[in-house]
2 protein chains.
Amino acid sequence: MKPTVHDIARSAGVSLATVDRVLNGRPGVRAVTRSKVEEAIAALGFVRDLAAANLAKSRTYSFVFILPDYDNSFMKGLRREVVAASERASTERTEIRIVAVPHFDPHALVAALEEVLADKPNGVAFVAIDAPEVREIAAKLNEAGVPMVTLVSDLPASSRDHYAGIDNIAAGRTAGSLLGRFLSGREAKVAVLAGSMLVRDHRERVEGFLAVMAEAYPNLRVLPVIEGRDDSALVEEKVSEAFEVTPDIAGIYSLGGGNRGLLRVLRKVPLEARPVVVAHDLTDATRAALGEGIIDAVLNQDAGHEVRSAVRVLKAKADGLPVIEAQERIRIDIFLKDNLP
Amino acid sequence: MKPTVHDIARSAGVSLATVDRVLNGRPGVRAVTRSKVEEAIAALGFVRDLAAANLAKSRTYSFVFILPDYDNSFMKGLRREVVAASERASTERTEIRIVAVPHFDPHALVAALEEVLADKPNGVAFVAIDAPEVREIAAKLNEAGVPMVTLVSDLPASSRDHYAGIDNIAAGRTAGSLLGRFLSGREAKVAVLAGSMLVRDHRERVEGFLAVMAEAYPNLRVLPVIEGRDDSALVEEKVSEAFEVTPDIAGIYSLGGGNRGLLRVLRKVPLEARPVVVAHDLTDATRAALGEGIIDAVLNQDAGHEVRSAVRVLKAKADGLPVIEAQERIRIDIFLKDNLP
DNA sequence: CAGAATCTGAGGTACGTAAATCAGAAAACT
DNA sequence: AGTTTTCTGATTTACGTACCTCAGATTCTG
C-alpha cells in the first residue's frame with residue numbers, strides 16, 4: 001500500500017499537524033523535528049497524492065493562451081486545438097482562457113501580456129514576437145513567477161520557461177537537404193518563398209536553408225527570397241512574376257503560408273518543367289498537392305501536439321513538477337505522399 | 001463554479017443517494033425519476049470529477065506490459081521507457097507490471113496472456129506476434145473485458161482495442177520514395193536488408209517498399225531480400241557477400257536490426273562508391289552514421305511515445321473515456337542529419 | 001523563576017464523490 | 001384490506017490531503 005501522511009506521522013512519532021507543516025513548508029517546527037519527519041518521508045518513500053491534495057485545496061488551474069487573430073490555415077488549426085484542449089481541460093479543474101490579438105503587432109501582444117501580469121493566472125502561453133518590448137514584459141512575468149510557454153515562435157531561452165514549437169533552423173536545413181538530394185547534382189536555380197523576413201521563424205528557416213545550400217549544394221543557385229506575406233493572392237502574383245523572369249526554376253522552398261497561390265501557378269507549369277517543391281504546413285491544399293505529386297515533401301509542425309504540450313508543461317510548472325523532455329520535444333514532421341496521416 | 005452532485009440533487013429535487021444511483025447505473029430508481037435527474041445533469045452541465053471519484057473509490061489501475069526479452073537497441077529502449085513510465089505512474093495510483101517473454105515465441109506469449117486473463121488487470125499491452133493461437137487468446141481477453149493494446153507489432157484490428165505503433169507498410173513506402181528520389185532516375189541495383197520475413201512488421205515494410213519500387217521506380221532493380229536476423233555479425237557477413245556478388249549496389253534499405261554490422265561493411269566501401277542508405281531505428285550507431293553521411297535517412301518510431309500512448313489509452317479504456325486519436329497516432333519519424341533531436 | 005515566545009499535538013472541517021445502511025413512502029401483489 | 005416488493009430520502013463513513021483552532025508542552029528571555 002502507498003504510504004499516507006498518517007503513516008509518516010506514526011513512523012516519525014509526531015502528529016499529523018506537524019507532518020503537514022513540514023510537507024507544506026509552514027513555520028512552527030523545530031529543526032530536529034523537521035529532519036525526523038523528512039527522514040520518515042524518505043524512508044517510507046512517501047509521495048503526496050496530487051489528486052487528493054488538489055481536491056483538498058480545491059485547486060484550479062487558470063491558463064491564458066494568447067493567439068494572433070491571423071486567418072491562415074495554421075493559425076486556424078492552432079486555435080481549434082486550443083479550443084479542444086480547453087474543453088477537455090474543464091474536466092480537470094483547468095480553465096483555459098483564449099485571448100486574440102492583432103497579428104505581427106508587438107504592442108498588442110505586450111498589452112495582452114500586461115493584462116496577464118495583472119491577472120496572475122497559473123500560466124500563460126503565447127505566440128511570441130521577438131521584440132525588445134515583448135522581452136521586457138516577459139522578464140517581468142518571469143519575475144512575478146507566472147509560468148510562461150512560447151508557442152510556435154520563440155523568445156530567447158532566458159525569458160520563458162519552455163518553448164513549444166519546432167527548431168526552425170533545423171527545419172530550413174532539412175528542407176535544404178531534401179531539395180538538394182531530390183535535385184541530385186544538377187546545376188539549377190532554386191527559389192525561396194517566405195511570408196515575411198520580419199518574423200523570426202521565417203528568418204530562421206531561410207537561414208538554415210541557405211546554410212545547407214552553401215555547405216553542400218554549390219550546384220544550386222538560390223534566387224533572392226520572395227516575400228509573399230502569407231497571402232495566397234500575393235504569392236500567386238509574385239511567383240508568376242518569378243517564373244517569367246526565370247523560367248528554369250528547378251526547385252522551390254516555400255516556408256510560409258499562402259501555398260494555395262503557389263499551387264495555382266504550379267498547376268499551369270507543364271508537367272516536365274515542374275520544379276521540385278518542398279513546402280511547410282500540412283493543410284488540405286498541400287496534402288492534395290502531395291498526393292498529385294505537385295509538392296514533393298511537406299514539413300509540418302503538429303499544432304495539436306504543441307498545444308497539448310504547452311498545457312502539460314504549464315501544469316507541471318504550476319505544480320513545481322518536472323517535465324518529460326522527450327515528450328515535449330516538438331518534431332519536424334516530414335511528409336511524403338507515402339506517409340500521410 | 002462547477003456543479004457538484006449536491007447541485008444536481010437540489011436541482012432535480014431528489015436526494016444525493018438517488019443521484020448517485022443514476023450516475024453509477026445502480027438499480028432502484030424509477031424511470032421518471034431517472035430522467036428527471038438526467039435532465040438536471042444535462043441542464044447544469046455536470047461532469048463528474050474523476051480525481052474525486054477515484055479518490056473515493058480508492059481506485060487503482062493495474063496494467064501489465066508483456067515485452068520480449070530481445071536484446072537489440074530498440075527493445076532495450078522500449079523496456080527503458082516502460083520502466084520510466086512505471087515509475088511515473090506510481091504517483092498516479094497506477095501500477096505497471098512488466099513481464100518478459102522469450103522473443104519470437106508465440107507459445108510463451110500465449111502463456112503470459114493466459115496468466116493475464118487469470119489475473120484480470122485493468123489493461124494489458126504487449127508486442128504482438130501475429131499467430132492464430134495469439135489471436136485466440138486475444139479474443140478471450142477481449143471477451144473478458146480486459147482492455148488490450150498492441151505495441152510496436154500489431155494483430156488484426158478486431159482483436160485489440162488499440163495499436164500503439166507505426167504503419168509499417170507506409171514506412172516501407174516512405175523508405176522506397178526516399179531511396180528512389182535520392183537515386184534520381186539512374187539505372188541501379190538496390191538491396192533490401194531485413195531481420196526476418198517471419199515477422200509481420202518486417203514483411204510489411206518490405207511489401208510497402210517493393211510496391212513503391214514497382215509503381216514509381218522502374219529504373220531500380222531490387223535484389224533478393226537479405227535476412228540478417230537482426231544480428232550485426234550475420235548482417236556484416238551477408239552484406240559483405242552481397243557486395244562481392246554485386247559490387248555496384250547503389251542503394252540499401254535496411255529495415256531491421258543489426259545496423260552496426262552493415263555500417264562496418266559500408267565504412268570499407270570507397271567513398272565515391274558508397275550506396276544511398278535508408279535505415280530504420282535511430283540508435284547511437286545510426287545517429288553517428290547519419291552525421292558522417294554514411295546513412296542518408298533514418299526512419300524511426302519513438303518508443304517513448306508508444307509507451308506513453310499505450311498507458312494513456314489503457315487508462316482511458318479502463319475509465320470508459322474517449323481517446324484523442326490525433327495524440328495517439330504514432331508517426332514515422334524521418335531523420336536526416338539536419339533534424340536530429 | 002515568572003512570563004513570553006515558540007513549538008507540538010489533538011481534533012475538527014473541508015474538498016467531491018462513492019457506497020453503505022436504514023427508515024419511510026409508494027406502488028404492486030394477495 | 002393487509003402484505004410484499006420496489007423505490008426514494010436521509011444520513012453516515014470513507015478516500016488522502018489541506019488548513020484551521022485551541023490547548024498544552026517546551027524553550028527562550030529578562
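B:F126 has B:T150 as its bridge partner in β4(B). The model in which this pair occurs is predicted, so local features need pLDDT of at least 70 and side-chain atom pairs count only at pLDDT 80 or more, whereas totals for chains, interfaces and linings use all residues. Residues are numbered from 1 along each chain as its sequence is written, chains are lettered from A and ligands numbered from 1 in the order in which they are written, and side-chain values use heavy atoms, with hydrogens and water left out.

The bridge between B:F126 and B:T150 belongs to the parallel pairing of strand β3 (residues 123–126) of chain B with strand β4 (residues 148–151) of chain B, which extends over three bridges. Helices (H or I, at least four residues) and strands (E, at least two) are DSSP runs, numbered from the N terminus. Two strands pair if DSSP finds at least two bridges between them. In general, strands of a sheet pair through backbone hydrogen bonds, either parallel or antiparallel. An open sheet of five strands in chain B has the order β2-β1-β3-β4-β5, with parallel pairing. Its edge strands, each pairing on one side only, are β2 (94–101) and β5 (162–164) of chain B. From one strand to the next, the twist averages 20°. Within β4(B), B:M148 and B:T150 point one way while B:V149 and B:L151 point the other way, and all are buried. Buried means under 20% relative accessible area, exposed over 50%, and partly exposed in between (1.4 Å probe, protein chains only). Helix α13 (residues 303–319) of chain B lies across β1 (61–68), β2, β3, β4 and β5 of chain B, and runs at about 140° to β1(B). Axes are lines fitted to C-alpha atoms, for helices over the stretch in contact, and angles run from 0 to 180 degrees between N-to-C directions.

In chain A, five strands form an open sheet with parallel pairing, in the order β2-β1-β3-β4-β5. The edge strands of chain A are β2 (94–101) and β5 (162–164), each pairing on one side only. Neighbouring strands of this sheet are turned against each other by 20° on average, direction ignored. Strand β4 (residues 148–151) of chain A runs parallel to β5(A) and is joined to it by three bridges; the partner of A:L151 in β5(A) is A:A164. Helix α13 (residues 303–319) of chain A lies across β1 (61–68), β2, β3 (123–126), β4 and β5 of chain A, at about 140° to β1(A).

Further parallel pairs occur in chain A. Six of the six residues of strand β9 (residues 249–254) of chain A are buried, so this strand is largely enclosed by the rest of the structure. Five bridges connect β9(A) with strand β6 (residues 188–194) of chain A, the two running parallel, and A:L193 stands opposite A:S254 in β9(A). β9(A) is also joined to β10(A), in parallel, by four bridges, with A:V277 in β10(A) as the partner of A:I252. Strand β10 (residues 276–280) of chain A is in turn linked by three bridges to β11(A), again in parallel, and A:V278 stands opposite A:A297 in β11(A). From strand β11 (residues 297–300) of chain A, A:A297 and A:L299 point one way and A:V298 and A:N300 the other way, and all are buried.

A:D333, found in strand β12 (residues 333–335) of chain A, is buried, with a relative accessible area of 5%. Apart from its neighbours within four places in sequence, A:D333 is in contact (heavy atoms within 4.5 Å) with A:V298, A:L299, A:N300, A:D302 and B:R331.

A nonpolar core is a set of buried Ala, Val, Leu, Ile, Met, Phe, Trp, Tyr and Cys residues joined through side-chain atoms within 4.5 Å. The largest such core has 58 residues, of which A:L178 and B:L178 touch the most other members. Neighbours within four places in sequence aside, A:L178 is in contact with A:V278, A:A297, A:L299, A:I334, B:L178 and B:L336.

The 14 residues of helix α3 (residues 31–44) of chain B should span 20 Å at 1.5 Å a residue, which agrees with end C-alpha atoms 20 Å apart; the expected span is 1.5 Å times one less than the number of residues. B:T33, B:V37, B:A40 and B:I41 of α3(B) are buried. Seen down the axis of α3(B), its buried residues fall within an arc of 100°, so they line one face of the helix; the arc is that of the directions from the helix axis to the C-beta atoms. On the other side of α3(B), B:A31, B:V32, B:E39, B:A42 and B:A43 are exposed. The cover over the buried residues of α3(B) includes α1 (5–12) and α2 (16–23) of chain B. Just after α3(B), B:G45 takes a positive phi of about 65°.
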